Every structure is written in structure tokens, then in C-alpha cells.
Amino acid sequence: PYSLGIADLSQIERVDVLNPSKPVENLMVIHNGSDAILEWSTPEYTGLFKILRSQDPEFNSYEEIATLSGNSYTDPQALTSVEKYYYRVLKTWG
């Protein structure tokens, strides 16, 4: 009578979420002197973003360089490195 859900375990579907993080789809990388500026817009999302940087375009290995709540990040001096960097920004739960 209270519509609190189903008590019959045979009718409950279990869904396991291994990684709830999801990449943003409209990431732009802007060159500003020696800095790389990452910008994206996600007006419907108010959670945290993880910034990942890799030397591998497939991201088999990477480093997490920041966690923030805004929609831009500056990677200082990234363009002075002899390495080529690839970036990924993830919407995350923490």
C-alpha cells in the first residue's frame, strides 16, 4: 500500500556498477603560452570531475592530475614538456 518497492527477491534485478565515471563529451584543449587549458560544458552535471593525463592515447596508463568541481583546468607548463600529453576528463562520484 505504500509503494516502497518489491519484496520478492525473484523479481528484483541486480545491477552492479563497477565504474560510475563517465567522460565528458565536449572537451576542448586550448594552447595558452606554455599552458594547456582544458574546458568543457556540462550544465546538467553538478558533481566532481577528475582530470587524467597520459602519454598513451589509449590511456592504458595515466596519472590523475586534479579533481575539481569547475568546468575548466589549466595544466601549467604542459606545452614545454618534451612529452606529448593526452587528456581525459571524467564525471565522477568522488
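Contact is taken here to mean heavy atoms within 4.5 Å. The structure is a predicted model, in which local features need pLDDT of at least 70 and side-chain atom pairs count only at pLDDT 80 or more, while totals for chains, interfaces and linings use all residues. Residues are numbered from 1 along each chain as its sequence is written, and side-chain values use heavy atoms, with hydrogens and water left out.

Leaving aside neighbours within four places in sequence, Thr92 is in contact with Ser21, Tyr45, Leu48, Phe49 and Lys50. Thr92 belongs to strand E7, which covers residues 86–92; helices (H or I, at least four residues) and strands (E, at least two) are DSSP runs, numbered from the N terminus. With a relative accessibility of 6%, Thr92 counts as buried. Buried stands for under 20% relative accessible area, exposed for over 50%, and partly exposed for values in between (1.4 Å probe, protein chains only).

The interior comes next. A nonpolar core is a set of buried Ala, Val, Leu, Ile, Met, Phe, Trp, Tyr and Cys residues joined through side-chain atoms within 4.5 Å. The largest such core has 13 residues, and those with the most contacts inside it are Leu38, Trp40, Phe49, Ile51, Leu68, Tyr73 and Val89. At least two residues of this core come from each of strand E3 (35–39), strand E4 (48–54), strand E5 (63–68) and E7.

Aromatic side chains deserve a look of their own. Rings of Phe, Tyr and Trp (its six-membered ring) pair if their centres lie within 6.5 Å; planes under 30 degrees apart count as stacked, over 60 as edge-to-face and the rest as tilted. A search of the whole structure finds three aromatic pairs. In one of them, the rings of Trp40 and Phe49 have centres 5.3 Å apart and planes at 65 degrees, so this pair is edge-to-face. The rings of Tyr45 and Phe49 are also edge-to-face, because their centres are 5.2 Å apart and their planes stand at 70 degrees. Trp40, Tyr45 and Phe49 form one aromatic cluster. Phe49 is buried at 0% relative accessibility, and Trp40 is buried with a relative accessible area of 5%. Tyr45 is buried as well, as is Phe49.

Side chains of opposite charge can pair when their charged atoms come close. A salt bridge is counted when a side-chain nitrogen of Lys or Arg is within 4 Å of a carboxyl oxygen of Asp or Glu, and a search of the whole structure finds three of these. One of them joins Glu64 and Lys50, with the closest N and O atoms 3.8 Å apart. This pair links distant parts of the chain, with Glu64 in strand E5 and Lys50 in strand E4, 14 residues apart. Glu64 is partly exposed, at 44% relative accessibility.

Glu63 forms a salt bridge with Arg53, the closest N and O atoms being 2.8 Å apart. Because Glu63 lies in strand E5 and Arg53 in strand E4, the pair ties together parts that are 10 residues apart in sequence. Glu63 is partly exposed at 38% relative accessibility, whereas Arg53 is buried with a relative accessible area of 13%. Arg53 also meets Asp75 in a salt bridge, at 2.8 Å from N to O. Here Arg53 is in strand E4 and Asp75 in strand E6, so the pair ties together parts 22 residues apart in sequence. Both Arg53 and Asp75 are buried. Through salt bridges that share partners, Arg53, Glu63 and Asp75 are joined into one network.

Strand E6 (residues 72–75) also holds Thr74. Thr74 is partly exposed, with a relative accessible area of 37%. Beyond neighbours within four places in sequence, Thr74 is in contact with Asp35, Ala36 and Ile37. Thr74 and Leu38 are 36 residues apart in sequence and 6.2 Å apart in space, C-alpha to C-alpha.

Finally, Ile6 is found in the segment before strand E1 (22–23) and counts as partly exposed at 48% relative accessibility.
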